[in-house]
Amino acid sequence: MKDRRAAEAGDPVGRYNYGLDLVRGHGVAKYEMIGRQYVDQAAQDGLEIAKRLQRAGYELDEVTPDADNWKYAPLF
């Protein structure tokens, strides 16, 4: 998965995206706590969208439109 590789390489956007994947359980096993840690790392790196998600208490609707909820539903 490209988000995971980017996150492991230290890319803030990769950390953020992989964190969201983990929180949602989209394409990977759902690990909300670990996903939040990736988002936190991205925020520490200065990524504004990650900071916004933190300020919203990790409420995913803050960073993704309600219309996309179907897209992130569990795949099983």
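Reader: Taking buried as under 20% relative accessible area, exposed as over 50% and partly exposed as in between, which class does Arg4 fall into?
Author: In this predicted model, Arg4 has a relative accessible area of 42%, so Arg4 counts as partly exposed.

Reader: Which side chain does Arg4 meet in a salt bridge?
Author: The partner of Arg4 is Glu8, with 2.9 Å from N to O. Glu8 has 52% relative accessibility and therefore counts as exposed.

Reader: How are Glu8 and Arg4 placed in helix H1?
Author: They are four residues apart in helix H1, which means that about one helical turn separates them.

Reader: How many salt bridges does the structure hold?
Author: There are five salt bridges in the structure. One of them joins Arg36 to Glu32, where the closest N and O atoms are 3.1 Å apart. Arg36 and Glu32 are four residues apart in helix H3, so about one helical turn lies between them. Arg36 is partly exposed at 28% relative accessibility, and Glu32 is partly exposed at 35%.

Reader: With which residue does Arg15 form a salt bridge?
Author: Arg15 pairs with Asp45, and their closest N and O atoms are 2.6 Å apart. This pair links distant parts of the chain: Arg15 belongs to helix H2, Asp45 belongs to the loop between H3 and H4, and 30 residues separate them.

Reader: Is Arg15 buried or exposed?
Author: Arg15 counts as buried, at 18% relative accessibility. Asp45, at 38%, counts as partly exposed.

Reader: Let us turn to the overall fold. How many helices and strands does the protein chain have?
Author: The protein chain has four helices and zero strands, giving the pattern α-α-α-α along the sequence. Of its 76 residues, 32% count as buried.

Reader: How many residues of H2 are buried?
Author: H2 is mostly covered, with 10 of its 13 residues buried. Among them are Gly14, Tyr16, Leu20 and Val23. The cover over the buried residues of H2 includes helix H1 (2-8), H3 and helix H4 (48-55).

Reader: What is the reach of H2 from its first C-alpha to its last?
Author: H2 reaches 18 Å, close to the 18 Å expected at 1.5 Å a residue. Just after H2, Gly25 takes a positive phi of about 75°.

Reader: Which side chain of opposite charge is nearest to Asp21?
Author: That side chain is Arg24, 5.0 Å away. A salt bridge requires a side-chain nitrogen of Lys or Arg within 4 Å of a carboxyl oxygen of Asp or Glu. Asp21 is buried yet has no salt bridge.

Reader: With what is Asp21 in contact, leaving aside its neighbours within four places in sequence?
Author: With those neighbours left aside, Asp21 is in contact with Met1, Asp3, His26 and Val28.

Reader: Now aromatics. How many aromatic pairs does a search of the whole structure find?
Author: The search finds one aromatic pair. Its members are Tyr18 and Tyr38, arranged edge-to-face at 5.0 Å centre to centre, with 80° between the planes. The pair links distant parts of the chain, as Tyr18 lies in helix H2 (residues 12-24) and Tyr38 in helix H3 (residues 32-44), 20 residues apart.

Reader: Are Tyr18 and Tyr38 buried or exposed?
Author: Both Tyr18 and Tyr38 are buried.

Methods: Residues numbered from 1 in each chain as written. Predicted model: local features only at pLDDT ≥ 70, side-chain atom pairs only at ≥ 80, totals over all residues. Heavy atoms only, no water. Helix = DSSP H or I, 4+ residues; strand = E, 2+ residues; numbered from the N terminus. Buried < 20%, exposed > 50% of the residue type's maximum accessible area, 1.4 Å probe, protein only. Phe/Tyr/Trp six-rings, centres within 6.5 Å; stacked < 30°, edge-to-face > 60°. Expected span 1.5 Å × (residues − 1). Contact = heavy atoms within 4.5 Å. Lys, Arg positive; Asp, Glu negative; His and termini not counted.
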